[in-house]
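Please open the structure in a viewer and keep the sequence at hand.

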Amino acid sequence: MIKINNFFDNSNVKCIAEGGVFSIYEHQHDLSVDSNTAMNSYFMEQMNVKKRQVLCKLDNSTVKLQAGAMQWITGDVEMNSGVSGAKDFFGKLVKGAVTGESAVKPLYTGTGCVMLEPTYNFLLIEDIASWGKGIVLDDGLFLACEGNIQESINKRSDVATALLSGEGIFNLTLSGNGFCVLESPVPREELVEFELDNDVLKIDGNMAIAWSSSLQFTTENASKSIVGSTLSGEGVVNVYRGTGKVLVAPTMNGTVNPSSNGPEQTTANSGSDSLVGSIVGGILK
(Lines give C-alpha, C1' and ligand atoms only; values in the text may rest on other atoms or scores of the structure.)
Protein backbone atom coordinates (compact mmCIF):
# COMPACT_ATOMS: atom_id res chain seq x y z
CA MET A 1 0.00 0.00 0.00
CA ILE A 2 1.36 3.41 -0.99
CA LYS A 3 -0.02 6.67 0.34
CA ILE A 4 0.71 9.78 -1.71
CA ASN A 5 1.01 12.88 0.47
CA ASN A 6 1.26 16.52 -0.58
CA PHE A 7 -0.11 16.07 -4.07
CA PHE A 8 -3.86 15.48 -4.17
CA ASP A 9 -4.17 17.57 -1.00
CA ASN A 10 -1.74 20.28 -2.21
CA SER A 11 -3.43 23.67 -2.69
CA ASN A 12 -0.82 24.61 -5.31
CA VAL A 13 -1.78 21.67 -7.55
CA LYS A 14 -5.14 21.83 -9.35
CA CYS A 15 -6.87 19.20 -11.48
CA ILE A 16 -8.04 21.11 -14.58
CA ALA A 17 -9.33 18.30 -16.84
CA GLU A 18 -10.26 14.60 -16.76
CA GLY A 19 -11.15 11.99 -19.35
CA GLY A 20 -10.87 8.20 -19.36
CA VAL A 21 -7.84 7.17 -17.29
CA PHE A 22 -6.24 10.62 -17.66
CA SER A 23 -6.22 13.63 -15.34
CA ILE A 24 -4.35 16.88 -16.01
CA TYR A 25 -2.83 18.65 -13.02
CA GLU A 26 -1.57 22.23 -13.17
CA HIS A 27 0.95 23.78 -10.76
CA GLN A 28 -0.52 27.20 -9.94
CA HIS A 29 2.78 28.73 -8.81
CA ASP A 30 6.34 27.71 -9.63
CA LEU A 31 7.84 27.47 -6.16
CA SER A 32 11.19 26.02 -7.19
CA VAL A 33 12.84 29.35 -8.05
CA ASP A 34 15.78 31.37 -6.81
CA SER A 35 16.90 35.02 -7.03
CA ASN A 36 18.03 34.51 -10.63
CA THR A 37 14.84 32.92 -11.94
CA ALA A 38 12.10 34.44 -9.74
CA MET A 39 11.26 37.41 -11.97
CA ASN A 40 11.11 35.34 -15.14
CA SER A 41 8.95 32.74 -13.38
CA TYR A 42 6.57 35.44 -12.09
CA PHE A 43 5.86 36.88 -15.53
CA MET A 44 5.51 33.39 -17.02
CA GLU A 45 2.85 32.64 -14.43
CA GLN A 46 0.99 35.87 -15.24
CA MET A 47 0.85 34.80 -18.91
CA ASN A 48 -0.47 31.31 -18.04
CA VAL A 49 2.85 29.59 -18.69
CA LYS A 50 2.63 26.96 -15.98
CA LYS A 51 3.91 23.46 -15.35
CA ARG A 52 1.34 20.77 -16.15
CA GLN A 53 1.38 17.02 -15.64
CA VAL A 54 -0.75 14.06 -16.73
CA LEU A 55 -1.70 11.37 -14.21
CA CYS A 56 -2.83 8.00 -15.58
CA LYS A 57 -5.00 6.01 -13.15
CA LEU A 58 -4.91 2.37 -14.25
CA ASP A 59 -7.41 -0.28 -13.17
CA ASN A 60 -6.27 -3.46 -14.89
CA SER A 61 -5.79 -1.35 -18.01
CA THR A 62 -3.06 -0.06 -20.34
CA VAL A 63 -1.76 3.30 -21.52
CA LYS A 64 0.65 4.10 -24.34
CA LEU A 65 3.06 7.01 -23.80
CA GLN A 66 5.53 9.06 -25.76
CA ALA A 67 9.00 7.68 -24.99
CA GLY A 68 10.62 9.31 -21.96
CA ALA A 69 7.38 10.84 -20.68
CA MET A 70 7.06 8.78 -17.46
CA GLN A 71 8.09 10.43 -14.16
CA TRP A 72 6.97 7.89 -11.53
CA ILE A 73 4.83 4.76 -11.09
CA THR A 74 2.92 3.34 -8.12
CA GLY A 75 1.11 0.03 -7.76
CA ASP A 76 1.31 -3.17 -9.77
CA VAL A 77 2.18 -1.65 -13.15
CA GLU A 78 4.54 -3.19 -15.69
CA MET A 79 6.19 -1.50 -18.65
CA ASN A 80 7.08 -3.05 -21.98
CA SER A 81 8.43 -1.51 -25.16
CA GLY A 82 5.45 -2.46 -27.31
CA VAL A 83 7.87 -3.77 -29.97
CA SER A 84 7.32 -7.35 -31.11
CA GLY A 85 10.46 -7.79 -33.22
CA ALA A 86 13.00 -6.23 -35.58
CA LYS A 87 10.47 -5.75 -38.39
CA ASP A 88 7.99 -4.09 -36.02
CA PHE A 89 10.75 -1.84 -34.63
CA PHE A 90 11.79 -0.75 -38.13
CA GLY A 91 8.17 0.06 -39.00
CA LYS A 92 7.78 2.11 -35.82
CA LEU A 93 11.10 3.84 -36.53
CA VAL A 94 9.86 4.97 -39.94
CA LYS A 95 6.50 6.11 -38.52
CA GLY A 96 8.21 8.11 -35.78
CA ALA A 97 10.58 9.77 -38.25
CA VAL A 98 7.80 11.03 -40.53
CA THR A 99 5.36 12.14 -37.81
CA GLY A 100 7.70 13.77 -35.29
CA GLU A 101 6.80 11.24 -32.57
CA SER A 102 9.06 8.83 -30.70
CA ALA A 103 9.80 5.63 -32.62
CA VAL A 104 8.83 3.47 -29.64
CA LYS A 105 5.81 4.26 -27.46
CA PRO A 106 6.09 2.12 -24.31
CA LEU A 107 3.02 0.42 -22.84
CA TYR A 108 2.19 0.54 -19.10
CA THR A 109 -0.21 -2.17 -17.92
CA GLY A 110 -1.72 -3.04 -14.56
CA THR A 111 -3.37 -1.35 -11.59
CA GLY A 112 -1.87 1.81 -10.13
CA CYS A 113 -0.77 5.27 -11.18
CA VAL A 114 1.63 6.55 -13.83
CA MET A 115 2.67 10.19 -13.60
CA LEU A 116 4.13 11.96 -16.63
CA GLU A 117 6.94 14.52 -16.63
CA PRO A 118 5.91 18.18 -16.23
CA THR A 119 5.63 20.33 -19.34
CA TYR A 120 4.92 23.98 -20.11
CA ASN A 121 2.85 22.96 -23.15
CA PHE A 122 -0.94 23.08 -23.02
CA LEU A 123 -2.51 19.66 -22.57
CA LEU A 124 -5.76 18.46 -24.15
CA ILE A 125 -7.76 15.32 -23.44
CA GLU A 126 -9.69 14.15 -26.52
CA ASP A 127 -12.40 11.49 -26.81
CA ILE A 128 -11.31 9.78 -30.03
CA ALA A 129 -14.75 8.26 -30.68
CA SER A 130 -16.20 11.78 -30.95
CA TRP A 131 -14.03 12.31 -34.07
CA GLY A 132 -15.81 9.57 -36.02
CA LYS A 133 -13.51 7.10 -37.77
CA GLY A 134 -10.44 8.64 -36.18
CA ILE A 135 -8.42 11.77 -35.45
CA VAL A 136 -5.46 12.92 -37.55
CA LEU A 137 -2.79 14.81 -35.58
CA ASP A 138 -0.35 17.49 -36.57
CA ASP A 139 3.29 16.45 -36.07
CA GLY A 140 4.49 16.26 -32.47
CA LEU A 141 1.09 16.54 -30.75
CA PHE A 142 0.83 13.00 -29.35
CA LEU A 143 1.64 12.51 -25.66
CA ALA A 144 -0.45 9.54 -24.48
CA CYS A 145 -3.45 7.35 -25.29
CA GLU A 146 -5.31 4.40 -23.84
CA GLY A 147 -3.89 1.02 -24.78
CA ASN A 148 -6.76 -0.10 -27.02
CA ILE A 149 -6.30 2.83 -29.42
CA GLN A 150 -4.98 1.94 -32.88
CA GLU A 151 -2.25 3.93 -34.63
CA SER A 152 -1.85 4.38 -38.38
CA ILE A 153 -0.13 6.79 -40.78
CA ASN A 154 -2.17 9.16 -42.94
CA LYS A 155 -0.32 9.99 -46.17
CA ARG A 156 -1.03 13.09 -48.23
CA SER A 157 -1.74 12.46 -51.91
CA ASP A 158 -0.66 15.92 -53.14
CA VAL A 159 2.99 15.94 -52.01
CA ALA A 160 4.12 18.97 -54.06
CA THR A 161 1.45 21.37 -52.82
CA ALA A 162 1.80 20.02 -49.28
CA LEU A 163 5.44 21.10 -49.27
CA LEU A 164 4.49 24.54 -50.56
CA SER A 165 1.96 24.98 -47.75
CA GLY A 166 4.45 24.05 -45.03
CA GLU A 167 2.46 20.94 -44.06
CA GLY A 168 3.97 17.50 -43.55
CA ILE A 169 3.36 14.63 -45.95
CA PHE A 170 2.58 12.08 -43.21
CA ASN A 171 0.41 12.42 -40.09
CA LEU A 172 -0.31 10.14 -37.16
CA THR A 173 -3.93 8.90 -37.01
CA LEU A 174 -5.57 7.51 -33.85
CA SER A 175 -8.77 5.46 -34.02
CA GLY A 176 -10.98 3.39 -31.71
CA ASN A 177 -12.91 3.95 -28.49
CA GLY A 178 -10.93 5.72 -25.81
CA PHE A 179 -9.07 8.89 -24.90
CA CYS A 180 -5.77 10.49 -25.85
CA VAL A 181 -3.73 13.40 -24.50
CA LEU A 182 -2.28 15.99 -26.87
CA GLU A 183 0.34 18.70 -26.36
CA SER A 184 -1.18 21.82 -27.89
CA PRO A 185 0.70 25.01 -28.86
CA VAL A 186 -2.22 27.12 -27.55
CA PRO A 187 -4.69 26.68 -24.66
CA ARG A 188 -8.12 25.13 -25.09
CA GLU A 189 -9.70 28.58 -24.73
CA GLU A 190 -8.06 29.75 -27.98
CA LEU A 191 -8.86 26.69 -30.10
CA VAL A 192 -11.70 26.99 -32.63
CA GLU A 193 -13.59 23.82 -33.54
CA PHE A 194 -15.23 23.62 -36.98
CA GLU A 195 -17.91 20.97 -37.55
CA LEU A 196 -18.36 20.23 -41.25
CA ASP A 197 -21.49 18.58 -42.62
CA ASN A 198 -20.68 17.78 -46.24
CA ASP A 199 -18.99 21.17 -46.53
CA VAL A 200 -15.60 22.78 -47.21
CA LEU A 201 -13.15 24.60 -44.92
CA LYS A 202 -10.16 26.51 -46.33
CA ILE A 203 -7.30 27.67 -44.09
CA ASP A 204 -4.38 29.89 -45.07
CA GLY A 205 -1.48 28.36 -43.14
CA ASN A 206 -0.92 25.25 -41.03
CA MET A 207 -3.10 26.31 -38.08
CA ALA A 208 -5.16 23.10 -37.98
CA ILE A 209 -3.72 20.87 -35.26
CA ALA A 210 -6.19 17.97 -35.60
CA TRP A 211 -8.98 16.86 -37.92
CA SER A 212 -11.30 13.90 -38.54
CA SER A 213 -9.80 11.16 -40.68
CA SER A 214 -13.09 11.07 -42.61
CA LEU A 215 -12.27 14.47 -44.15
CA GLN A 216 -10.50 14.77 -47.49
CA PHE A 217 -7.45 16.95 -46.86
CA THR A 218 -5.78 18.65 -49.83
CA THR A 219 -3.66 21.73 -50.53
CA GLU A 220 -4.87 23.97 -53.36
CA ASN A 221 -4.36 27.39 -54.90
CA ALA A 222 -6.38 30.08 -53.13
CA SER A 223 -7.71 31.24 -56.51
CA LYS A 224 -8.76 29.19 -59.54
CA SER A 225 -5.64 30.41 -61.34
CA ILE A 226 -2.00 30.50 -60.25
CA VAL A 227 -1.73 34.17 -61.26
CA GLY A 228 -4.81 35.04 -59.21
CA SER A 229 -3.42 33.25 -56.17
CA THR A 230 -0.09 35.03 -56.57
CA LEU A 231 -1.55 38.52 -56.99
CA SER A 232 -3.89 38.04 -54.01
CA GLY A 233 -0.92 37.29 -51.75
CA GLU A 234 -2.61 34.13 -50.44
CA GLY A 235 -0.74 31.47 -52.47
CA VAL A 236 -1.94 28.00 -51.47
CA VAL A 237 -4.48 27.07 -48.80
CA ASN A 238 -5.26 23.88 -46.88
CA VAL A 239 -8.68 22.51 -47.78
CA TYR A 240 -10.82 20.11 -45.74
CA ARG A 241 -13.86 18.54 -47.45
CA GLY A 242 -16.62 16.28 -46.22
CA THR A 243 -18.14 15.59 -42.84
CA GLY A 244 -16.10 15.80 -39.65
CA LYS A 245 -14.29 18.19 -37.31
CA VAL A 246 -11.23 20.42 -37.57
CA LEU A 247 -9.47 21.86 -34.51
CA VAL A 248 -7.74 25.15 -35.33
CA ALA A 249 -5.23 27.25 -33.37
CA PRO A 250 -5.88 30.68 -34.96
CA THR A 251 -3.45 32.56 -32.69
CA MET A 252 -0.51 30.27 -33.48
CA ASN A 253 0.59 32.26 -36.54
CA GLY A 254 -0.75 34.84 -38.98
CA THR A 255 -0.85 37.48 -36.22
CA VAL A 256 -0.92 41.11 -37.32
CA ASN A 257 2.52 42.70 -36.94
CA PRO A 258 2.22 46.06 -35.09
CA SER A 259 5.08 47.48 -37.19
CA SER A 260 3.32 46.79 -40.49
CA ASN A 261 -0.07 47.31 -42.09
CA GLY A 262 -0.86 43.63 -42.53
CA PRO A 263 -0.35 40.14 -41.16
CA GLU A 264 3.04 38.59 -40.82
CA GLN A 265 3.75 36.44 -43.87
CA THR A 266 4.39 32.73 -43.74
CA THR A 267 7.20 31.16 -45.72
CA ALA A 268 4.84 30.19 -48.52
CA ASN A 269 3.40 33.70 -48.75
CA SER A 270 6.83 35.29 -48.64
CA GLY A 271 7.68 33.46 -51.85
CA SER A 272 4.45 34.72 -53.40
CA ASP A 273 5.27 38.30 -52.38
CA SER A 274 8.67 38.04 -54.06
CA LEU A 275 6.99 36.86 -57.26
CA VAL A 276 4.42 39.66 -57.07
CA GLY A 277 7.26 42.16 -56.63
CA SER A 278 8.99 40.81 -59.71
CA ILE A 279 5.79 41.05 -61.79
CA VAL A 280 5.05 44.60 -60.66
CA GLY A 281 8.66 45.63 -61.20
CA GLY A 282 8.55 44.30 -64.73
CA ILE A 283 5.36 46.22 -65.48
CA LEU A 284 6.80 49.49 -64.15
CA LYS A 285 9.87 49.10 -66.32
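Are Phe7 and Tyr25 buried or exposed? Select both residues in this predicted model: Phe7 and Tyr25 are both buried.

**Aromatic pairs**

Seven aromatic pairs are found in a search of the whole structure. In the pair of Phe7 and Tyr25, the ring centres lie 5.0 Å apart and the planes are at 55°, so this pair is tilted. Phe7 belongs to the segment before strand E1 (13–19), while Tyr25 lies in strand E2 (residues 22–27), 18 residues apart.

Next, select Phe217 and Tyr240. Their ring centres are 4.5 Å apart with planes at 5°, so the pair is stacked. Phe217 is in strand E14 (residues 216–221) and Tyr240 in strand E15 (residues 236–248). Phe217 is buried, because its relative accessible area of 10% is under 20%. Tyr240, at 0% relative accessibility, also counts as buried.

**Charges over rings**

Select Lys245 and Trp131: the charged end of Lys245 sits over the ring of Trp131, 4.5 Å from its centre. Then select Lys105, whose charged end sits over the ring of Phe142, 5.4 Å from its centre.

**The nonpolar cores**

Now turn to the largest nonpolar core, which has 19 residues. Among the members that touch the most others are Ile135, Leu137 and Leu247. Strands giving two or more residues to this core include E7 (135–137) and E13 (208–212). Centre the view on Leu137, which touches Phe142, Leu174 and Ile209, among others. Finally, a second, separate core of 18 residues includes Val21, Ile24, Leu116 and Ala144.

How values were computed
Residues numbered from 1 in each chain as written. Predicted model: local features only at pLDDT ≥ 70, side-chain atom pairs only at ≥ 80, totals over all residues. Heavy atoms only, no water. Core = buried A, V, L, I, M, F, W, Y, C linked by side-chain atoms within 4.5 Å. Buried < 20%, exposed > 50% of the residue type's maximum accessible area, 1.4 Å probe, protein only. Helix = DSSP H or I, 4+ residues; strand = E, 2+ residues; numbered from the N terminus. Contact = heavy atoms within 4.5 Å. Phe/Tyr/Trp six-rings, centres within 6.5 Å; stacked < 30°, edge-to-face > 60°. Lys NZ or Arg CZ within 6 Å of the ring centre and 35° of its normal. Lists of a residue's contacts leave out its neighbours within four places in sequence.
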